[in-house]
Amino acid sequence: MAFPERFSNLPDYAFPRLRKLLDAHAPGGDPIAMTIGEPRHAMPEFVGPILAANLSGFGVYPPNDGTPELLAAISNWIARRYGVTLAEDRLMVLNGTREGLFNACIALCPETKNGKRPVVLMPNPFYQVYAVAALTVGAEPVYVPATAATGFLPDYGSLPKDVLDRVALAYICSPANPQGAVASRDYLADLLALAETHDFRVLADECYSEIWRETPPPGLLQVAEAQGADPERALVFHSLSKRSNLPGLRSGFVAAGPQSMLRIRQLRAFAGAPLPLPLQRVAEAAWADEGHVTTSRGLYQQKFRDADCIFAGQQGYQAPEGGFFLWLPVEDGETAALKLWRETGVRVLPGGYLSREAGGQNPGKGYIRVALVATPEETQRGLRLLRDCLYR
């Protein structure tokens, strides 16, 4: 029986791969999980009561694109956060950003670009759904290094013209997973100008936008509006997973130009799974409330300060501007993760599991990703163990 070849070169996903590396070995202390980006701060207090009040909603099919009330709450949040007014027909509710980042590529990537195989650009390292989306539509994924030399953001403008002329879609993540770099307004404006010159769309993964150290990161929507960019050039994806500590709610949204949204909604009508109605009611309340977001952000900012103190003077340490990961340099990510687990019980992710070899190099190989998602006390203990094991 035949199977598709387009996925044959995919590595194991990061976390099964990590289990193969570590689980045959006993931890060297009480385990401390610092691998997956799963927030462990308290959920908003209103979640339970709203669910209880709307249990009957599980007995009906939910609106495919989102309830009018939830779409209005999202539109209002975008206006408050970015100063951009969007009609609700430019929004669609998602089962988390992963669904949207994958399906938008299916809905919008053409079969050819200028008569050739289309290209989908992505930073390297990157959130792995970008690559699978490109392969699904038969596009060529082009992995563009996002290293210290480029400010941990991809320099798409440096690519050859013949590659850029084949680009259909370009993914960008800001704050970046895993490095925590924030794309400035100038960076986003230049990317939109590049997209206009070479006729492609920008898909901005902004799911970490509400976790920042000092100032809120700019968003692609506000930059696009400020420079009068074609609204079809810019798509943004947001989620309640990180913002509201609700990863299990699986609730996010995509905002896009009218023509792009028509195609995204059409695909969802045939092949998507709408968010259950009770969960849409919770999401509506979450987007309308900022108090719980401010409280959670304060905990992350405390953990950033703790990390700065613990790694003060450590060569190669760079404090993240946003998100909740540390991207720490080591000689080899797998070797460091295994040593750390066997000697301390601290569990981290080798950076090479988040990147691909391109041009003979894997830009994540010499790093580990450390998730600052536990309590400040547990995070501080884990970081001290990590420092003493790997850097002293």
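Among contacts in the protein between residues at least 6 apart in sequence, 77% join residues at least 24 apart. Contact here means heavy atoms within 4.5 Å. This is a predicted model, in which local features need pLDDT of at least 70 and side-chain atom pairs count only at pLDDT 80 or more, while totals for chains, interfaces and linings use all residues. Residues are numbered from 1 along each chain as its sequence is written, and side-chain values use heavy atoms, with hydrogens and water left out.

**Overall build**

The protein has 14 helices and twelve strands. These are DSSP runs numbered from the N terminus: helices are H or I with at least four residues, strands are E with at least two. The radius of gyration is 21 Å, which agrees with the value near 21 Å for a compact globule of 392 residues. That radius is taken over C-alpha atoms, and the globule rule is 2.2 Å times the number of residues to the power 0.38. The C-alpha trace spans about 55 × 55 × 50 Å along its principal axes. Buried residues make up 56% of the 392. Buried means under 20% relative accessible area, exposed over 50%, and partly exposed in between (1.4 Å probe, protein chains only).

**Helix H4**

Helix H4 covers residues 96-108. From first C-alpha to last, its 13 residues reach 19 Å, close to the 18 Å expected at 1.5 Å a residue. The expected span is 1.5 Å times one less than the number of residues. Its buried residues include Gly96, Glu99, Leu101 and Leu108.

**Arg268**

Arg268 lies in helix H10 (residues 258-271). Arg268 counts as buried because its relative accessibility is 3%. A polar atom of its side chain lies 2.9 Å from the backbone oxygen of Val93. Leaving aside neighbours within four places in sequence, Arg268 is in contact with residues including Asn64, Asp65, Glu99 and Pro274. Glu99 is also one of the buried residues of H4.

**A three-stranded sheet**

Three strands form an open, antiparallel sheet in the order S9-S12-S11. S9 and S11 are the edge strands, each pairing on one side only. Two strands pair if DSSP finds at least two bridges between them. Two bridges join S11 to S12. Leu349 stands opposite Arg369 in S12.

| S9 | residues 325-329 |

Conventions: A polar contact is a pair of N or O atoms within 3.5 Å; within protein, one must be able to donate a hydrogen and the other to accept it, and residues adjacent in sequence count only if both atoms are side-chain atoms.
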